[in-house]
Amino acid sequence: MKVKVSRRAHFNAAHRLYRKDWSFEKNDAIFGKCNNPNFHGHNYELIVSVTGEIDPETGYVIDVKILKDLIKAEVEDAFDHKNLNVEVPEFKELNPTAENIAVVIWQKLRPHIEASNELEVVLYETPRNFVTFSG
């Protein structure tokens with residue numbers, strides 16, 4: 001019997017979508033307003049889910065307090081109130097699209113989750129735009 005346990009989190013961050021090897025005109029045509037050289041920000045909402053068997057001793061798939069602390073240490077502390085392009089090493093050469101941010105979050109969390117459990121990251125860039133990555 002598998003159960004999915006989820007935790008919601010929040011962070012604010014700025015970014016610019018562009019490729020250094022493209023002209024400003026091409027970046028503008030592909031990324032539009034998101035190519036603003038002065039950056040722009042989002043109030044990101046994050047849902048991290050761990051799916052697995054219930055431990056018969058504890059009754060948990062994962063202790064939600066452990067999941068909360070993990071998200072804080074690996075995501076919120078690393079991304080909140082940061083310029084992703086400038087201050088977050090993972091995005092020095094990686095375009096910080098919602099898709100790439102979700103994958104980076106998953107990669108940061110995966111080593112801390114039991115190998116037998118599944119991990120899913122849902123990242124809302126706006127209330128209507130979100131991505132899901134599960135490895």
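How accessible is E118, in terms of relative accessibility? At 42% relative accessibility, E118 is classed as partly exposed, a category that lies between buried (under 20% relative accessible area) and exposed (over 50%), as computed with a 1.4 Å probe on protein chains only. The model is predicted, so that local features require a pLDDT of at least 70 and side-chain atom pairs count only at pLDDT 80 or more, while totals for chains, interfaces and linings use all residues. Residues are numbered from 1 along each chain as its sequence is written, and side-chain values use heavy atoms, with hydrogens and water left out.

Salt bridges were considered next. A salt bridge is defined as a side-chain nitrogen of Lys or Arg within 4 Å of a carboxyl oxygen of Asp or Glu. Under this rule, seven salt bridges are counted. One of them joins the side chains of E118 and K2, with an N to O distance of 3.1 Å. Because E118 belongs to strand β4 (residues 118-124) and K2 to strand β1 (residues 2-15), this pair ties together parts that are 116 residues apart in sequence. Helices (H or I, at least four residues) and strands (E, at least two) are here DSSP runs, numbered from the N terminus. K2 is partly exposed, its relative accessible area being 49%.

A further salt bridge connects K108 and E90, whose closest N and O atoms are 3.4 Å apart. This pair links distant parts of the chain, since K108 is in helix α4 (residues 98-109) and E90 is in the loop between α3 (84-87) and α4, 18 residues apart. K108 is buried, with a relative accessible area of 17%, whereas E90 is partly exposed at 32%. The side chains of K72 and D77 also meet in a salt bridge, at 2.6 Å from N to O. K72 has a relative accessible area of 42% and is partly exposed; D77 is likewise partly exposed, with a relative accessible area of 42%.

Strand β4, which contains E118, also takes part in strand pairing. Two strands are said to pair if DSSP finds at least two bridges between them. Strand β2 (residues 40-53) pairs with β4 in the antiparallel sense over seven bridges, and V50 stands opposite L119 in β4. Strand β4 is also joined by four bridges to strand β5 (residues 130-133), and these two strands run antiparallel. Y124 stands opposite F130 in β5. Together, β4 and β5 form a hairpin, with five residues between them.
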